Structures are given as C-alpha cells and as structure tokens.
Amino acid sequence: MGRLREARRPDPNIKRRLPVRAAREEVHEIKGRKVRRRAGPPSSHTALRGLRLRAGPSGRGAAMSGESRFLGFWYVLPYVIGLLIFTGVPFVASFWLSFTDYRLMRGAEFVGLQNYADLFAADRTFIRSLNVTLAYVALTVPLKLAFALFIAVILNYKLKAIGFFRTAYYVPSILGGSIAVAVLWRYVFADTGLVNMALGVFGIEAVNWFGDPLTAMFTITLLRVWQFGSAMVIFLAALQSIDKSLYEAAAIDGASKWRVFVSITLPLLTPVIFFNLVMQMVQAFQEFNGPYVITNGGPLRATYLLPLYIYETAFKKFDMGYASAIAWVLFAIIMVLTVVAFWSSKKWVYYAGDKRS
Amino acid sequence: MSQTMLDDSAALDADAEAARHLALQERRRRLSMILRYAVLTAVGFLMLYPLLWLIGASFKNNAEIFSSPGFIPKDPTLSGYVKGWETSTPYSFGRFFWNTFLIIAPKVVFTVISCAAVAYGFARFQFPGKRILFASLIATLLLPNVVTRIPQYLLFSEMGWLDSYLPLWVPSAFAGDAFFVFMLVQFLRSIPPDMEEAARVDGAKSWQVLLFIVAPMLTPALISVALFQFMWTMNDFLGPLIYLSSVEKFPVSLALKLSIDTSEAFDWNRILAMSVLALAPSLVVFFMAQKYFIEGISAGGVKG
C-alpha cells in the first residue's frame, strides 16, 4: 500500500481534485483484490482518469495518470541491469583489456597498442585467419541469401505442397548449428564418407575433402549455405505480403516474368534483403562450431576462422589481453561493414511508405 | 444471312485463336509447375539426404556404413545405440541428456518471464530514457557476442561461477536475448491496447494487466520465444565449452564432441547413433510446433 501511495505522489494535480471518500474506497478495494469487479457506479475519479487517459502524454494509454512516469521503467529494469552487467561493462572492459597483457594468473599490465602492433606486424596466424574469415563471409553470405531467395520465389506460387517444402527446407536451419550436425558433416565428407561413396557410384575418384584448403573451406561453407531455411522463410513471408494488384497491373501491361521480378518483386523485397544481409553477416563472422568440429581449423589453417583463434588464445592459452585485441579487430570489421550496409541502404532499400514510388 | 454466317465464322476464328492461346498458356503454366516441383524436390532431396543417411547409418554395423551410400540398413542393429549410450566416460548418455535439461529448463522459464515483462514496458509505456534504451536493444541485437565473451568469463570466474550452470542461466533472467524482446515488442505493437485501457480504467494495476490480459494475448509469441530458446540452448556449444570443465556436468553437445575425440576412427555407428539422439529432441519439438517457428521468424524478420 505504501508503494501505491508513493507512486501517486508525483501528480499532485490530480490528488487535489480527488474526493477523500473515493480515494479511501479504492484502497479498500485493492486490499480485497477485487479490482475489476467494481460494484456500483464508477466513482468520480475513475471517470476523471478516463479523461486524463485520452489526454495523457502516453498516447497508448497504458500508463495511467497518478502513476509514476517511471512505471514502465520498472518493467524494463531487468533488461537495464542485464545490459549494464552482461553487455555494457564487458564491452568496455574488453576494449580496455585489448590494451593490456592480461594472463589469468598474473593480472593485467597496460601495454598500449602493443597487442595490435603484434597482430598486424608479426602474427602470421592472425593475418591468415583474418583472410580466411573474410573469404568465408564473402562466400557464405551471398550464396546463402541467393539460394534462400531463389527457393522462396519458386515456393511463392500456388503450389499444393508449399507447407511441406517450407518445412523440409527449414529443418536444416533448426539443426544446423548443433554439434550433431557438425559431426554428421565430418562423416559425410570423410575419406570413406557419404559424398565419396556417392561419387564412387558414378565412377568418380574419392576426394580428400579435409586435406586440401579449398575443399575444406567448401565443406564448412556448404554447412552454412545448407541452413538457408530461416532466411528463406523470411523472404517467403515478405513475398506473400506483396500486394497482388501490382502483379495484375504488370500483367495487363504485358510485362515479362523477369521484368516483373526485377521491377516489382526485388524492390519490394529490399528491406528484407537488407535485414537478412546484416544478420547473416554478423552471424557468419562468428561461426565457430562448424570449423571447430569439422576441420579443426585445418588444413594449414585454411579454415581457421577468427572465432577459433580467439577461443584458443583466450581459453587455451589464457592470454586474455591478446585475445581481446583479436576480438576487437573482428568487432571493428563487423561494425564497419554494418555501418556501410546501413549507410548504403538509403540508396538501395525501398520502403513502401516512401514518396519515391 | 450470308453476312451473319461470315460474322459467325470470323467470331469462330477469333474464338479458336483465343482457345489456342489459352491452351498454350495452360501448357506453359503446367510446364513451369512441373519445373518448379522438379527443382524443389531435387533440392529438398539433396538437402535432407544427409539426415536420412544419418538415421539409416545409425542402425548399420560399422562395416556396412563404409560399403554403400544407401540409407536403408540391410541388417539393422542397435549395437550403435547400445554402445554409444554407455559412452567412454563413467556416465551414460542419459546423464548428459539430464544435464542438457537442467540447463535448458530454467533458461527457458527465465527468458519467457523477463522478456515478456521488458517487452511490455517498452511497448506500452512512456518513460524517460525509453528511446535510448530501445535503441540499445537494437544495438545489442547487432553486437557480436565475441566482443563481450572474455570479460564475461572473467566476471563469472571472479564470482566463482565457473564449472556451474549459473553463467548459462543468469543472463537470461535479465532479458539477455535482445532478439526475443524485440520480437515481443513487435508483436505487442500489432495488438491494439483497448482491452488493457479498459482494464486500467476499471482500476487494474499494470502488473495485473500484464498477467491477466497481455500475457494471454502474447501466448503464441511466448511459445515461439520458448521454442527458439530451447533450440538455441540445445545447439549451444561454445557456452558450455567455455564454462563447464567437469564431465559430469556436460550437456549432450559437449559429450558428443568428447566422444568423437576419444573413439576409434572406424567406430562410426556409435557416434552416428548418439548424433541421432542428440538431434531427436529438437526434431520432435520442431515438428510438434513448427507453426510457431515459422510465425516467430516471419514476425521478427518482416516487421523488423
């Protein structure tokens, strides 16, 4: 009850107008917890509240007058605490750590830019890993999106079995990140594995998939492209929300199918393409399970993605400062590319509400 | 009269022309339909075959696994499951499944409760700092975990939480997955607040509105959240890998990795059998509730 009155206090305006009797009545009811079943005619202050509600600053009306304007903040508080403790502070701390020589047993020693200098000047593993990561992202993200869009367009038709196919294609996305699938991949591409056996049926010689840098990269790329289902579902939902009258108008104008796709479908899909592009990119830069289990970064570190390098530096060698520096390089790359994507989106992403139509 | 006949025949010609055109169109439509089905089936088959093969191979003996790419076992055996279940550790796979459950259950409950409350706060209230906080939500959506992981580890290590499930549980009690909050906010915004307003006018407290009006309306979205969190936690590998060190606390994902590290190179059916079991919960849950997955992902994506 105390808290209730306290919450009221910030609005003296309304308290002045409240008849004492009505206020007492409400307290009584709350004690009885029969808040929604109010007997008798609504008391004057309820009507008043209703008025205030509409005029109030909240617009959506859920925050009532007489309640603290911080009420919503209490609901968001867990998030704020979590944001500070598990994201904010670690974020700043890792930036600071990247300028230190920090080993778990010894503690931190500030070394300035030494870690970064070492990374770019002397660490060939890092340069190799960086190149491999960039290649991996440049390969997987466009392939995955193109594939997702291609299948979504085929599916977006009055097919009878659309639900069945959508489910079938979505299954790998559900399972794809799991270790069990990475294990499966290892056996699919093993020397005597599924792919080589299938090739054997056609008389093609077995390939040493994990022995060659290019084919090893291919296996982990394929694992990611295989999971195109989630992006596809998003594309499909967007395709199905496109106004059919646009297509009818195009048909009357005699536009070819390709023309319709390029001039109507694609522009209307750009917001979703943009969303998928950014999300997939951020995720691809952080891929860990696939290379860790399937190729273990090899051969010749050809699939040694930066997250693997960070993991081994931080949690095997416990060289936290240096690992933080690698993480910050990775973060900087992701951030720059995301900013570029957002900045360029003004030029190529079309929003239906725009005047540009 | 001849004039009308002429007209008729011209009309007939035009009709025939139109009919031919229609037939051509119909044929084209059919052809494109067949092509679509063919592409979809071929791609689907290629995609799902590895999974089919995995299931089939888990019932084969080791010699047969290497002998043909077909997936139907000639001589089905359960030896892979029996031997795999025992594992090379002192614990059976049942223990690892139990551990996975111990990680997932609290995490899902914490996530649903905290995300619902936070989303309610964002979607239905105005308060100072809301814009900045909501922007931070979007930012964390894009923030790579990789950059916060090391200090988080140091923090949990400092608190003495290493080799326990606390580092995996606690962040989710604070709405740690921004994606879910975002999804729920989007969902709430699509529901008009009329009912809530009516309840508030009748004197309901905001928490009562959340519990008795908003939560029931949010149920489908909350189920999506629970399911996604279940899947993600099921698939999570790096988290347990970093924080857990004693085998007795390993979830399935770590146990599986351990078993490929410790078993003989040719001893495949054990590991394949355990992979099938590791995938089974996700598959079952997905097929039971796929509508929520598809809706969840469509809602989060398209409106975003």
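This is a predicted model: local features need pLDDT of at least 70, side-chain atom pairs count only at pLDDT 80 or more; totals for chains, interfaces and linings use all residues.
Between chain B and chain A the count of salt bridges is zero, where a salt bridge is a side-chain nitrogen of Lys or Arg within 4 Å of a carboxyl oxygen of Asp or Glu. Residues are numbered from 1 along each chain as its sequence is written, chains are lettered from A and ligands numbered from 1 in the order in which they are written, and side-chain values use heavy atoms, with hydrogens and water left out.

Let me stay with the two chains for a moment. What does the count of polar contacts come to between chain B and chain A? There are 13 residue pairs in polar contact, both residues being at pLDDT 80 or more; a polar contact here is a pair of N or O atoms within 3.5 Å, where within protein one must be able to donate a hydrogen and the other to accept it, and residues adjacent in sequence count only if both atoms are side-chain atoms. On the side of chain B that touches chain A, helix 1 (residues 2-57) of chain B gives the largest share, 17 residues, with helices (H or I, at least four residues) and strands (E, at least two) taken as DSSP runs numbered from the N terminus. Sorted by class, that side of chain B has 68 nonpolar, 23 polar and 10 charged residues, where Ala, Val, Leu, Ile, Met, Phe, Trp, Tyr, Cys and Pro count as nonpolar, Asp, Glu, Lys and Arg as charged, and the others, Gly among them, as polar.

In all, 101 residues from chain B and 110 residues from chain A take part in the contact, which is defined by heavy atoms within 4.5 Å. The two chains bury about 9400 Å² between them, 76% of it on carbon and sulfur atoms, buried area being the accessible area (1.4 Å probe) that two parts lose on being put together, summed over both. Of the area that chain B buries against chain A, L40(B), M47(B) and I150(B) supply 8%, more than any other three residues.

Turning to chain B by itself, we find 14 helices and zero strands. Buried residues make up 53% of its 304 residues, and by buried I mean under 20% relative accessible area, with exposed over 50% and partly exposed in between (1.4 Å probe, protein chains only).

In chain A, R224(A) forms one with E287(A), the closest N and O atoms being 2.7 Å apart. R224(A) lies in helix 11 (residues 213-226) of chain A and E287(A) in the loop between helix 14 (257-284) and helix 15 (289-295), so this pair ties together parts that are 63 residues apart in sequence. R224(A) counts as buried at 8% relative accessibility, and E287(A) counts as buried at 15%.

In chain B, R124(B) forms a salt bridge with E196(B), with closest N and O atoms 2.6 Å apart. Here R124(B) belongs to helix 4 (residues 93-124) of chain B and E196(B) to helix 9 (residues 194-201) of chain B, distant parts of the chain that are 72 residues apart.

Another pair in chain B is R20(B) and E17(B), whose closest N and O atoms are 2.8 Å apart. Being three residues apart in helix 1 of chain B, they are separated by about one helical turn; R20(B) is exposed at 57% relative accessible area, whereas E17(B) is partly exposed at 45%.

Finally, some local features. A hairpin joins strand 1 of chain A to strand 2 of chain A through three residues. In the loop between helix 15 and helix 16 (306-315) of chain A we find P299(A), which a cis peptide bond joins to G298(A), with omega about -10 degrees.

Methods:
Two strands pair if DSSP finds at least two bridges between them.
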